[in-house]
Amino acid sequence: MLKPTVRTPLALAVAVALSSGQVHAEAGALEEVIVTAQKREQNLQDTPVSVSAFGAAAIADQNIQDVADVSQYIPNVEIAETPGGSTGATISIRGSVSINPAVTWEPPVGIYVDGVFVAKNVGGLFDVAELERIEVLRGPQGTLYGKNTIGGAINLISKKPTEEFGGTLKLSAGNYNYKEGFFSLNTGRLADRAAFSVALNVRNRDGFYENTSSAAGAVDEYKKLDTQAARIAGSFDITDRLEAYYIFDQSKKDNTPAFGQFDLAGSQFEKKDKGANDGSIEDSSSTSGHALHLTYDLADNLTLKSITAYRSMSFEDAGDYDGTGVAGFHTRRDVDSDQISQEFQLIGNGDRFDYVLGAFYFKEESDAKNPFDIGGANGLVKNWYGVESQSYALYGQADYYLTDKWTLTGGARWTKEEKDAYIERVDGTGGAFGGNIGRTTAKDDWTNVSPMAVLTYAFSNEASAYFKVSQGWKAGGFNGEAQNVAIFQKSYDEETVTAFELGLKSRWMKDRLQLNAAVFQNNVKDMQLSNYLGAYSLIENAGEATVRGLELEMLAALTDSLTANLNYGYLDPEYDSFKDQSGNELKDVNKFPYAPRTKISAGLEYKHSLGFAHLVGRLDYSWVDKYYVYHEPATAELTKAGDYRLWNARIALEDIRVGNESLEVAIWGKNLTNEEYRVNGVPVADPNGNFVGAANYYGDPRSYGVDVAYRF
């Protein structure tokens with residue numbers, strides 16, 4: 001394989017992505033796409049990784065407002081809000097998912113903000129002011145990332161301070177009284193040594209549904225939006241070899257809960273505009289982070305990088321999970337989580353090889369107060385649980401260019417994780433829900449070595465194929481929502497996956513057509529699944545599972561002005577063995593959560609110069625097959641999501657000259673056909689513990705608006 005040009009690690013950046021449509025070079029050819037999935041800049045077509053990326057232009061053109069918006073454009077990726085709220089994320093990549101938002105869980109998909117791992121998906125749908133790009137990697141990650149994840153990784157990279165003075169002021173308005181204000185400012189290079197930037201973003205919107213409950217404290221509307229995000233960054237050239245980069249980000253949400261619509265077992269899919277949830281009171285979160293990147297060029301081809309970070313998150317909600325206007329099952333969660341991490345990377349290259357070596361340390365403390373009320377008069381159950389965990393890792397990966405056509409890549413990761421958990425309960429029901437539990441602790445640790453190998457062959461400068469074998473690993477843990485001490489103190493097992501992937505990266509017709517494809521098989525052992533029991537959860541390890549799939553991503557410059565993209569994902573998961581605690585084999589009846597069999601997305605983008613401005617129009621379509629939210633058959637049927645399709649569009653006049661500055665005006669719409677579709681739900685049980693229906697949650701209705709941006 002021809003060795004790709006390696007750019008300095010000081011300038012890590014991503015260009016346009018497969019799904020962005022921002023691809024025109026001269027004569028209508030597709031531009032080179034640069035990604036940093038392997039910790040250095042590479043042409044996407046030379047990278048043996050299944051990765052989709054969204055640059056700043058794509059984020060604007062496709063009106064991506066949070067992490068959940070990107071999932072409709074990526075094959076075999078599902079991102080949804082957790083049931084009942086809008087500040088937590090349920091993320092599934094190639095069938096790897098955690099449906100339980102409890103803080104004692106490890107996420108199968110890693111979220112990284114400017115290279116810093118974010119431990120909890122509670123609060124994971126936060127805004128990051130002024131993103132430069134979003135990268136989504138599919139498949140096990142570990143030999144290049146601080147935290148080993150079995151499903152994939154989502155990288156959120158914010159904009160670095162620019163060399164020149166400038167900024168942006170944007171105002172937006174839309175239906176449901178939507179209002180947004182955004183401001184960013186770059187100081188430019190100061191004294192030839194430092195540059196700073198600041199960005200602020202505020203969004204507000206009325207609720208989508210009316211709450212007809214008159215209960216004290218209940219919200220008047222569901223899914224009101226009230227968010228603020230801020231970011232401050234500074235880049236410092238301390239010496240000619242040493243660079244420091246500091247980022248502070250903060251996001252606050254004071255929303256109202258989502259509408260839990262009660263659907264009786266066997267009823268049809270029918271979305272309602274209003275309903276009574278007497279326990280819907282609060283849905284808020286606050287996240288902040290500090291990160292210091294130090295980059296030192298030891299030599300022209302050798303760089304040492306340090307990432308030191310601290311992040312904190314708090315989350316408060318009070319939700320109604322019976323979906324009715326009478327007291328049934330109400331919960332409150334007050335969560336606090338703090339984490340520190342330190343990572344070192346040594347990045348180098350020689351005549352015929354490139355390599356990355358890393359060391360990683362991570363410590364987290366998470367605490368939750370999680371009381372719930374059963375039927376009002378039955379009494380209040382008070383719960384406290386939490387975990388303190390530490391992770392240590394050494395990892396490395398190297399590319400060796402055997403010939404001009406063949407490249408061998410190898411890597412490995414050693415990880416040790418220690419967890420110390422606790423649980424405490426006061427059962428106000430008189431013992432009906434497990435009785436009182438004094439503060440009880442449990443401790444365990446897990447160690448793993450995960451290797452990876454890739455063989456890549458370049459047919460030409462325009463096409464290459466790769467075969468990849470990798471292992472992913474997720475540590476075991478303790479169930480903070482366990483019904484009794486015995487269940488809590490018995491840790492659930494670690495989860496492992498061995499992944500096989502055959503991929504193609506290609507360009508055709510003089511760089512006017514790009515076709516990338518991957519077929520994969522994941523062999524999963526001890527898959528961690530949470531079974532909902534009405535008030536508690538039971539953590540189960542599915543013995544063995546096999547997940548097979550196909551992914552196609554196509555991009556074509558149809559004319560010099562018109563670009564089209566088409567993405568297709570196919571997923572075929574099955575359990576090879578799944579026995580319950582009594583030894584009954586359930587592999588043929590249990591479901592795979594958040595694993596739609598088929599997913600399609602397509603888009604058209606048109607660009608044309610009008611002289612006084614550039615016209616940019618984009619139309620996107622996506623179709624998602626039906627899927628289940630839970631694995632247990634009864635709860636899976638009650639909350640099953642049917643197939644649905646979404647249409648989004650945006651038309652903009654860009655680069656309207658206003659003196660030496662520019663103006664942009666755009667109109668946009670999301671879910672243009674007002675599709676009614678279910679995204680998840682929570683089963684509802686009667687007083688005897690029998691599930692009779694579910695509090696189900698539906699996707700957002702049609703929204704539209706206008707953006708006006710002034711750039712100086």
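**Patches and strands in a predicted model**

Modeller: E365 lies in strand 22; strands are DSSP runs of E with at least two residues, numbered from the N terminus. The model is predicted, so local features need pLDDT of at least 70 and side-chain atom pairs pLDDT 80 or more, while totals for chains, interfaces and linings use all residues. Residues are numbered from 1 along each chain as its sequence is written, and side-chain values use heavy atoms, without hydrogens and water.

Biologist: Why does E365 count as partly exposed?

Modeller: Buried means under 20% relative accessible area, exposed over 50%, and partly exposed in between, with a 1.4 Å probe and protein chains only. The relative accessibility of E365 is 38%, and therefore E365 counts as partly exposed.

Biologist: Which residues gather with E365 in a patch of negative charge?

Modeller: E316, D336, D338 and D367 gather with E365 on the surface. Asp and Glu count as negative. Patch residues have over 30% relative accessible area and no salt bridge, with like charges joined within 9 Å and nonpolar side chains (Val, Leu, Ile, Met, Phe, Trp, Tyr) within 5 Å. A salt bridge is a side-chain nitrogen of Lys or Arg within 4 Å of a carboxyl oxygen of Asp or Glu. The place of a charge is CG of Asp or CD of Glu. Strand 21 (329-349) and strand 22 (353-369) each give two or more residues to this patch.

Biologist: What makes the other patch nonpolar, and which residues form it?

Modeller: L169, L171, F183, L200, V658 and Y710 form the nonpolar patch, with about 490 Å² of accessible area together; areas come from the Shrake-Rupley method. Leu, Phe, Val and Tyr are among the side chains that count as nonpolar.

Biologist: Why is L171 called exposed?

Modeller: L171, in strand 10 (residues 166-174), is called exposed because its relative accessible area is 53%.

Biologist: Why is strand 8 described as largely enclosed?

Modeller: Seven of the eight residues of strand 8 (residues 131-138) are buried, so the rest of the structure largely encloses this strand.

Biologist: How many bridges join strand 8 and strand 9?

Modeller: Strand 8 and strand 9 (residues 152-158) are joined by seven bridges in the antiparallel sense; two strands pair if DSSP finds at least two bridges between them. L131 has S158 in strand 9 as its bridge partner. Strand 3 (residues 50-55) also pairs with strand 8 in the antiparallel sense, over six bridges.

Biologist: Why are strands 14 and 18 at the edges of a sheet?

Modeller: The open sheet of three strands has the order 14-13-18. Strand 14 (221-222) and strand 18 (274-275) each have a single partner strand, so one side of each lacks a neighbour in the sheet.

How values were computed
Accessible areas come from the Shrake-Rupley method with a 1.4 Å probe; for residues, only the protein chains shown count as cover. Helices (H or I, at least four residues) and strands (E, at least two) are DSSP runs, numbered from the N terminus.
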